[in-house]
Amino acid sequence: MAAVRKRKRYRGRRLRPQFILFCAVMLALLCGLVLLVRRAPVFRRPAETPSATREIVETPEAKENDVPAGFVPAEGDIHAGSLILVSNEHPYTFPAEVELVTTLEQNISGYMARDYSVKQEKTAFAAFDALFRAFAATTGRQDVNISSAYRSYDEQQEVYAASAAENGEAHAASYVTQPGCSEHHTGLAVDLTRYDVRTGHSYDFTGEGEYGWIHTHGPEYGVVMRYAADKESITGIAEETWHLRYVGVPHAAYMAEHNLCLEEYLDLLRSYPVTNPLRCNGCHIYFCPEGQLVVPESGDYTVSGNNVDGFVVTIP
Ligand SMILES: [Zn+2]
């Protein structure tokens, strides 16, 4: 009996390690299987099913500052670019360098510039040049004269003081922006007159008659009449038929089509993030808040600050 009991106890002790080993092997196999099942679709899905890839691009259910597929984070200057808003509320930040060209040193024809002090930002010059050449070619009129374009801080101060001295402070406040707050600081704006070379007289550019062509066709060249009569309550500036501003082609075209001034247009763009861009004239246009700029990983695009709170990216 003693021997039997002994053998029974002995068998009981041998069974336990075997069972533990069996369980460990089964558990390892199970874990391996689970891992294989979980990992397999991750490798296969993007490569083999394009619909799954598209779904990732078009419906990123990500947090606001997550970067969607095809885009990368970037750095930018919100105070620079063709769409910056410069006004009494949003003064210009003078950069170290702006690429300015002297208008009369370019090979211009079909229009004039007052003198060699008339300078324009390089890209804006090209747009205005094309616009004024086209106007002359279409109408035969060659008396459009750029009376003023880029202005330094000191030059704007002189313009403001001269206007106040001549017409009073109230008039100056309505028509001339404070030094540091003028679009003319950017080199993206021009003032026009009509200049009669035979008499040497200058006339206001009212945009009446055939000259209306410049206002009507400006947007095709990226140019808008910046201060319209019906937008005075928004811009804070009375109608200026002679003051034109370069903003870029798709933007000017959209603004003209929907009768939006720059303030309204930049407001509208804030509702078009990278995941839902504004589609116009074959372009995709989207807004990025400051510090959250994302740009396409490849291909053409331009970035402009809005001089307020973010960036506008344009993909042609
Ligand atoms: Zn002006």
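**Stop 1: helix 3**

Select helix 3, residues 122–139. Helices (H or I, at least four residues) and strands (E, at least two) are DSSP runs, numbered from the N terminus. Colour A124, F125, A127, F128, D129, L131, F132 and F135: these residues of helix 3 are buried. Buried means that 20 or more other C-beta atoms lie within 10 Å of the residue's own; exposed means 12 or fewer, partly exposed is in between, and the C-beta atoms are placed from the backbone.

This is a predicted model, so to speak of local features takes a pLDDT of at least 70 and side-chain atom pairs count only at pLDDT 80 or more, while totals for chains, interfaces and linings use all residues. Residues are numbered from 1 along each chain as its sequence is written.

Helix 3 has 18 residues. From its first C-alpha to its last it reaches 26 Å, close to the expected 26 Å. That expected span is 1.5 Å times one less than the number of residues. Step past the end of the helix to G140, where phi is positive, near 80°.

**Stop 2: the nonpolar core**

Which residues have the most contacts inside the largest nonpolar core? Select F128, L131 and V223. This core has 55 residues. Helix 3 gives the most to it, with 7 residues. A nonpolar core is a set of buried Ala, Val, Leu, Ile, Met, Phe, Trp, Tyr and Cys residues joined through C-beta atoms within 7 Å. In soluble globular proteins, nonpolar side chains tend to be buried together.

Centre on V223. Leaving aside neighbours within four places in sequence, V223 is in contact with A127, F128, L131, G218, L244, R245, Y246 and A252. Two residues are in contact if their C-beta atoms, placed from the backbone, lie within 7 Å.

**Stop 3**

Show strand 8, residues 223–227. Strand 8 pairs with strand 9 in the antiparallel sense over 4 bridges. Two strands pair if DSSP finds at least two bridges between them. Pick M225: its bridge partner in strand 9 is L244.

A189 stands opposite R245 in strand 9.

**Stop 3: helix 8**

Select helix 8, residues 249–257. Its buried residues are P250, H251, A252, A253 and Y254. What do they pack against? The partners are strand 8, helix 9 (262–269), strand 10 (278–280), strand 11 (283–289) and strand 14 (310–315). After helix 8 comes N259, with a positive phi near 50°.

**Stop 5**

- Strands 10 and 11 are antiparallel over 3 bridges. L278 stands opposite I285 in strand 11. Their hairpin has 2 residues between the strands, and N281 takes a positive phi near 50° there.
- Strands 11 and 14 are antiparallel over 6 bridges. P289 has G310 of strand 14 as its bridge partner.
- Strands 13 and 14 are antiparallel over 4 bridges. V303 stands opposite V313 in strand 14.

**Stop 4: E297**

Go to the loop between strand 12 (294–296) and strand 13, and select E297. Is E297 buried or exposed? It has 10 C-beta neighbours inside 10 Å, so it counts as exposed. Not counting residues up to four places away in sequence, E297 touches G70, F71 and V72. F71 is 226 residues from E297 along the chain, yet their C-alpha atoms are separated by 4.8 Å.

**Stop 5: the whole chain**

Zoom out. The protein has 9 helices and 14 strands. Of its 316 residues, 29% count as buried. Among contacts with a separation of 6 or more, 63% come from residues 24 or more positions apart.

Finally, colour by pLDDT, the predictor's confidence in each residue, from 0 to 100. The average is 85, and 79% of the residues score at least 70. Over residues 1–15, pLDDT stays under 50, and the model has 0 contacts there beyond four places in sequence. Residues 31–64 also stay under 50, with 10 such contacts.
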